[in-house]
Amino acid sequence: MAPATILLLTLGVGVVLAAGERPGPGVAHRPRAAPALAGTTLPGQRYDLAAARGHVVLVNVFASWCGPCRDELPLLVGTGRRWAPQGLQVVGLNLRDGPDAVRALLAEARAEDLTVVPDPEGVRAVEWGVRGVPETFVVDRDGRIVAHQPGVVTAKWLEQHLAPLLGTP
Amino acid sequence: MTRRRLLVVLGLGVLVTAALAGLLRSAGPAGRADPVAEVAAGLRCPACQGESLAESRSPIAASMRQVIADQVAQGREPEQIHRWFVQRYGDEVLAQPPTRGPGLLLWVVPAVALLGGGLAAARTLRPGRREAAGPTVPHGRPRSSRIVWWLTAAGLVALVATVAVAADRLTPPATRPPPADPAVVSLRLAQDLEGQQRYGAAAQLYREALTARPDDDAIRLRLAFALLRAADAPGAERSAREVLGHTPDSPDGLLVLGLAQRTTRPAEAPVTLRRFLAVAPGHPAATEIRRLLGS
């Protein structure tokens, strides 16, 4: 009888603990204040996310040495142009890269007008809790991160997370 | 009875000593000289599987070490720095996350099993109970199960004692620091410089490594890549040609040569790059090159 009791007890403890671990719906996507993002852009202008309040900002962490980042760049740039009138800004946080390599990539993707904040040491990306490239954050008009995509974004993902904030159908 | 008690005390003594030895050993060498490495060792690389931040070579791990260095320089305590990372990456960034949820099972299950085993052992080993229960119980069975319990207990004690004593010898000899080879030192420095996008300086160090190991085409290829990224296309082409002189079908050699030729002799570049694609269609750079050739 004792072994059976112990087996049941162990199972019971396991079930209780495992059930307690399951996160409730929406916990992973709870909005949080976006960390600071300020610096000198590639052409030498000043950029500060704090000054972009009132805009919806798509922050894309990328690098020229990352193939998937290069692949998604045209989509991001296209989205930025399409929804700029509704108040969308797209900002590239360029992780551990060289300025020449990024300029070449932007020229290739016809995205020279993209706002790029270089992060040569990657410390800004760490501030944002970035785990790898590409990674994309949606910052709402109040400066809160409301969506986060580790890895490549799709047109559907962008539509789903940006359209409600921009008030577009 | 006294002899048995002595045995139990001895067994428990061995177990407690072994457990203490294990605890002290896993507490490890506390005196790390580098405070950045010490803080990094307490954190996990969030982009890798089971690697500590101190060991990982991933770009984000290098950035995280930079953040640690900055915060150490500002005089922040290791605990404060760990908390800063937990706020951004969650508990799982800690090398030893607090025990919650399923992780708690690791502690609870052995404890419950030990308790159960102990209870079962106490029931079996308690002398005279079965015999007193009635003459119908044959004498041989409780006695033999008692022997099994004692043998199991002795086996466990022996196992724990052996592990505690022999654990050191099981450590692979690879942890011994390799002899300081100037070429290895140059290579490591060059890779660090490449990480900081200082390709010209990295190329210089690769050249130094090559003087120590003139036949190492792997270093020559790294030199060629570094020169290419330092915008020295003629130098990259020269190094790549040297590699291809030894191994005419080296995919990396053809890749660097083709990329360098886009600057030095643009007419020949597509031919070389197509040869690269023919030799290594599954190369990580192949997709990029196909796109280059396509446009």
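A residue is called buried here if 20 or more other C-beta atoms lie within 10 Å of its own. By that count, 22% of the 295 residues of chain B are buried. Keep in mind that this is a predicted model.

**View 1. Chain B is built from helices, 14 of them, with 0 strands.** Walk along from the N terminus and the elements read α-α-α-α-α-α-α-α-α-α-α-α-α-α. Among chain B contacts with a separation of 6 or more, 41% are between residues 24 or more positions apart.

**View 2. Zooming in on residues 104–126 of chain B, we get a span that is 91% helix and 0% strand.** Its end C-alpha atoms sit 33 Å apart. An unreviewed UniProt entry lists residues 104–126 of chain B under "transmembrane region", along with residues 147–167.

**View 3. Here helix α8 (residues 182–195) of chain B meets helix α9 (residues 199–212) of chain B.** Their axes come within 8 Å and cross at roughly 165 degrees. Angles over 145 degrees count as roughly antiparallel, so that is what α8(B) is to α9(B). The crossing is left-handed. On the α8(B) side, the residues in contact include B:L187, B:A190 and B:L193; on the α9(B) side, B:L205, B:Y206 and B:A209 are among them. Sorted by class, this contact has 13 nonpolar, 1 polar and 2 charged residues.

**View 4. Now for a loop in chain B, the one between α10 (217–229) and α11 (233–246), where B:A231 is found.** Most residues other than glycine have a negative phi. Is B:A231 buried or partly exposed? B:A231 has 13 other C-beta atoms within 10 Å, so it counts as partly exposed.

View 5. In sequence order the pattern is α-β-β-β-β-α-β-α-β-α-β-β-α. Of its 169 residues, 32% count as buried. Residues 24 or more positions apart make up 71% of the chain A contacts with a separation of 6 or more.

**View 6. A:R96 sits in the chain A loop between β5 (88–95) and α3 (99–108).** Its phi is positive too, near 40 degrees. With 22 other C-beta atoms within 10 Å, A:R96 is buried.

**View 7. Last stop: the cis peptide bond that joins A:V133 and A:P134.** Most peptide bonds are trans. For this one, omega is about -10 degrees. A:P134 lies in the loop between α4 (123–127) and β7 (135–139) of chain A.

Definitions and conventions
Residues numbered from 1 in each chain as written. Chains lettered and ligands numbered in written order. Predicted model: local features only at pLDDT ≥ 70, side-chain atom pairs only at ≥ 80, totals over all residues. Axes fitted to C-alpha atoms, helices over the stretch in contact; angles between N-to-C directions. Helix = DSSP H or I, 4+ residues; strand = E, 2+ residues; numbered from the N terminus. Parallel < 35°, antiparallel > 145°, perpendicular 65-115°, else oblique. Left-handed = near helix turned anticlockwise from the far one by under 90°. Contact = placed C-beta atoms within 7 Å. Nonpolar A, V, L, I, M, F, W, Y, C, P; charged D, E, K, R; others polar. UniProt positions renumbered as here; feature names shortened; annotations may be inferred. Buried ≥ 20, exposed ≤ 12 C-beta atoms within 10 Å, placed from the backbone.
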